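This report goes through one protein model, from the whole chain down to a single residue. Please look at the sequence and the structure first.

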Amino acid sequence: MRYVDWLQGFIGSETEVTVPGDVIIGTLTKVGEGTITLKVPPIIYGPPTDTAIIPLRSIEFVRIVSS
């Protein structure tokens, strides 16, 4: 099983993703061939969207939060 296939099984789950220098917390909404998409809370001085698109190559660690 590929990593991308494994992640697709957790779409809709609360997810923590560690990238160099940051941790992004949100709901996993989409898994593509080269990126994952999380729905995140709005950032005060950030972009006007509620999504974070993260390249798979920059991910250091993924934690699926148990419900």
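Of the 67 residues of the protein, 28% count as buried, where buried means under 20% relative accessible area, exposed over 50% and partly exposed in between, with a 1.4 Å probe and protein chains only. The model is predicted: local features need pLDDT of at least 70 and side-chain atom pairs pLDDT 80 or more, while totals for chains, interfaces and linings use all residues. Residues are numbered from 1 along each chain as its sequence is written, and side-chain values use heavy atoms, without hydrogens and water.

The protein has one helix and five strands, in the order α-β-β-β-β-β from the N terminus. Helices (H or I, at least four residues) and strands (E, at least two) are DSSP runs, numbered from the N terminus.

Some values for the whole protein follow.

| Property | Value |
|---|---|
| Box of the C-alpha atoms along the principal axes | roughly 40 × 25 × 20 Å |
| Accessible surface (Shrake-Rupley method, 1.4 Å probe) | about 4600 Å² |
| Part of the accessible surface that belongs to carbon and sulfur atoms | 58% |

Contact means heavy atoms within 4.5 Å. Among contacts between residues at least 6 apart in sequence, 38% join residues at least 24 apart.

Leaving aside neighbours within four places in sequence, Thr37 is in contact with Thr27, Leu28, Thr29, Lys30, Thr51, Ala52 and Ile53.
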